[in-house]
Amino acid sequence: MGFFVAEPGMARQGDQTEKKMSKDLEAVTVRRMRETAFAVEKSVPVEFSRDWLDSQPKAQGGDELRCLAEALYFEARGETVKGQFAVAEVILNRVKSERFPGSACGVINQGTGKKYQCQFTYTCDGHKEIIAEPRAYDRVSKVARAALNGDAPDLTEGATHYHTTAVNPRWSRVYTKTAAIGDHIFYRHTWRTASN
């Protein structure tokens with residue numbers, strides 16, 4: 001991956017169109033997040049335990065919840081509860097970033113269709129996604145719901161990337177490491193501008 005370089009006074013052609021599209025995507029994301037919000041009378045502090053997850057009501061919501069829950073299932077179901085929240089946080093950090101699509105479904109499916117050229121391998125590895133562990137899916141759905149509600153504390157210091165400890169991708173040498181939780185290491189972009 002390359003670096004983003006911005007120089008003062010240099011505008012790319014189509015910036016206005018990109019800004020409008022970005023605002024439109026942001027509005028859609030906010031609307032979808034509100035539509036899928038789980039109504040609770042009182043926010044319950046998040047505990048990073050299976051017992052806490054099991055005590056939560058069944059997660060309900062629309063496409064954003066489904067996409068995030070599926071990503072957590074296929075990317076982090078074997079991880080600790082805290083690790084699952086950290087992976088969810090990375091996906092939602094990408095949603096907030098202008099460098100990625102403006103919805104959880106958009107972020108998760110970015111690059112899908114080209115084998116092994118997607119952001120989340122399970123979406124482009126050629127294998128059919130089958131949820132064979134309903135209890136694990138129920139738990140990660142509750143993680144997704146709490147993350148979408150904004151109930152979880154910051155765990156990754158703004159990370160937009162992660163990988164398992166089993167691999168060492170090239171991009172990890174140029175991004176800033178922010179956290180190591182369970183079997184995942186988390187990173188954020190190392191922004192470079194014309195002034196540095």
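Mentor: When the bonded cysteines of the protein are numbered in sequence order, they pair as 1-2 and 3-4. The model is predicted, so to speak of local features pLDDT of at least 70 is needed, side-chain atom pairs count only at pLDDT 80 or more, and totals for chains, interfaces and linings use all residues. Residues are numbered from 1 along each chain as its sequence is written, and side-chain values use heavy atoms, with hydrogens and water left out.

A disulfide is a covalent bond between the sulfur atoms of two cysteines; here the criterion is a pair of cysteine sulfur atoms within 2.5 Å. The structure contains 2 disulfides. One of them connects cysteine 67 with cysteine 105, at an S to S distance of 2.0 Å. This pair links distant parts of the chain, 38 residues apart: cysteine 67 belongs to helix α3 (residues 63-76) and cysteine 105 to helix α5 (residues 104-108). Helices (H or I, at least four residues) and strands (E, at least two) are DSSP runs, numbered from the N terminus. The torsion about the S-S bond of cysteine 67 and cysteine 105 is about 100°, and the disulfide is therefore right-handed. Cysteine 67 and cysteine 105 are both buried, where buried means under 20% relative accessible area, exposed over 50%, and partly exposed in between (1.4 Å probe, protein chains only).

Cysteine 118 and cysteine 124 are joined by a disulfide with an S to S distance of 1.9 Å. The link of cysteine 118 and cysteine 124 is left-handed, with -65° about the S-S bond. Cysteine 118 is buried, as is cysteine 124.

The strands complete the picture. An open sheet is formed by 3 strands in the order β1-β3-β2, with antiparallel pairing; two strands pair if DSSP finds at least two bridges between them. β1 (161-164) and β2 are at the edges, each with a single partner strand, so one side of each has no neighbour in the sheet. Antiparallel strands β1 and β3 are joined by 4 bridges, and tyrosine 162 has phenylalanine 186 in β3 as its bridge partner. Strand β2 (residues 176-181) and strand β3 (residues 184-188), also antiparallel, are joined by 5 bridges. Lysine 177 lies opposite tyrosine 187 in β3. The hairpin of β2 and β3 has 2 residues between the strands, and glycine 182 adopts a positive phi near 60° there.
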